[in-house]
Amino acid sequence: MRERAERGWREATERALYGPGGFYRRPEGPAGHFRTSVHASPLFAAAVARLLCRVDGALGRPEVLDFVDLGAGRGELVQGLLAALPAGVGARTRAYAVELADRPEGLDERIEWRTEVPEGVTGLLFANEWLDNVPVDVAETDRAGVPRLVLVAPDGTERLGEPVTGAEADWLAQWWPLAPEEGLRAEIGLPRDRAWAAAVGRVERGLAVAVDYTHTLGTRPPFGTLTGFRAGRETAPVPDGTCDITAHVALDACAAAGSTRGTPRLLTQREALRALDLTGARPPLTLATTDPAAYVRALAGAGAAAELTAPGGLGDFGWLLQPVGLPEPPL
């Protein structure tokens, strides 16, 4: 009988998403399968542009201002941001898109396409739904209550492997302790902590922001969050390259990993966008009589802002703000 190629979820996901012919190298890109805040409304890019302007002011308006879109997809955020910037700030902005997929055709020529974060960033590094696609291993408790590595075959079939040991076991004990009850699961977020710390380490002065769906210590889901997305629908995670594989992010653990550069802050997206003047408030009814066209536009904008800040939806996403060389996040 032919032996199945079983691997830990981290290795299996890495191959399925980023290997030859992997999900994130497909021509349609992430937008062909799921909708992020960037795709929901251009108001999101405009809000990030306002944040970059605040970082610019906090830095004393440097001669060159960097913006790094980490996990850029097909460059939707960075293009929207450049379009929304005031001319004076835009003229000084050096824009980077960091993504493993090839540079898409028609991208603004001002955007430098890279596979790694540049060194010495002075400005804003923004990672929107990047950390959730940094692959992680999954642990599950066996009958004796011992956390074991979950192994997975290309068809998604799982079995338990060896007990979790070493740095991964230490991470679980600190950030996602599992009770000795059979069947409990956790995603081991250590690779994400390291990835975030490495990204923050590329910032010389400015602000690093990670935006993702998240949970924190004390509210971890008992059976984990690993899932898949295909063609706009949630589906079982199968590491064969046909679907996205993602899991919520322990942003509090990432915050601790990056805290050597400054004091991090955690907000909800609703709080962050409101601080960036995106409230979702409806326009006054009097505008409908004085300028009906403007009222319709304002009403559409209010609806888009409401989606971006909605409780139970995009508004509950976590924002991790990590200032570097600044006393506090300019938000």
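Two residues are said to be in contact when heavy atoms lie within 4.5 Å. By this criterion, in the predicted model, Ala 167, Glu 168 and Trp 171 of helix α6 meet Leu 190, Asp 193 and Arg 194 of helix α7. The residues of this contact divide into three nonpolar, no polar and three charged. A pair of packed helices is described by the angle between their axes and by the distance between the axes. For α6 (residues 166–175) and α7 (residues 190–200), the axes come within 10 Å and cross at roughly 95 degrees. Angles of 65 to 115 degrees count as roughly perpendicular, and α6 and α7 are therefore roughly perpendicular to each other.

These two helices belong to a protein whose secondary structure comes to 11 helices and 15 strands. Of its 331 residues, 52% count as buried. The protein exposes about 15,000 Å², and carbon and sulfur atoms supply 52% of this area. Among contacts between residues at least 6 apart in sequence, 73% join residues at least 24 apart.

In strand β4 (residues 111–114) the side chains alternate. Strand β4 runs parallel to strand β3 (residues 93–98), to which it is joined by four bridges. Strand β9 (residues 185–188), by contrast, is covered on both faces. Arg 185 and Glu 187 lie on one side and Ala 186 and Ile 188 on the other, and all of these residues are buried. Four bridges join β9 to strand β6 (residues 137–141), and these strands run antiparallel. Within this pairing, Asp 137 stands opposite Ile 188.

The loops contain several residues of interest. Cys 243 is found between β12 (233–235) and β13 (244–246). Its relative accessibility is 0%, and a residue under 20% counts as buried; Cys 243 is therefore classed as buried. Leaving aside neighbours within four places in sequence, Cys 243 is in contact with Leu 17, Phe 23, Phe 229, Arg 230, Thr 235, Ala 236 and Val 238. Cys 243 and Gly 228 are 15 residues apart in sequence, while their C-alpha atoms are 6.0 Å apart in space.

Backbone angles draw attention to two further loop residues. Most residues other than glycine have a negative phi. Glu 129, located in the loop between β5 (121–128) and β6, has a positive phi, near 50 degrees. Asp 277, located in the loop between α9 (269–275) and α10 (286–290), also has a positive value, with phi near 70 degrees. The accessibility of each residue was then considered. Glu 129 has a relative accessibility of 12% and so counts as buried. Asp 277 has a relative accessible area of 55% and is therefore exposed, since the class of exposed residues begins over 50%.

Terms used
Residues numbered from 1 in each chain as written. Predicted model: local features only at pLDDT ≥ 70, side-chain atom pairs only at ≥ 80, totals over all residues. Heavy atoms only, no water. Buried < 20%, exposed > 50% of the residue type's maximum accessible area, 1.4 Å probe, protein only. Pairing = 2+ DSSP bridges. Areas by Shrake-Rupley, 256 points an atom, 1.4 Å probe, with all protein chains shown as cover. Axes fitted to C-alpha atoms, helices over the stretch in contact; angles between N-to-C directions. Parallel < 35°, antiparallel > 145°, perpendicular 65-115°, else oblique. Nonpolar A, V, L, I, M, F, W, Y, C, P; charged D, E, K, R; others polar.
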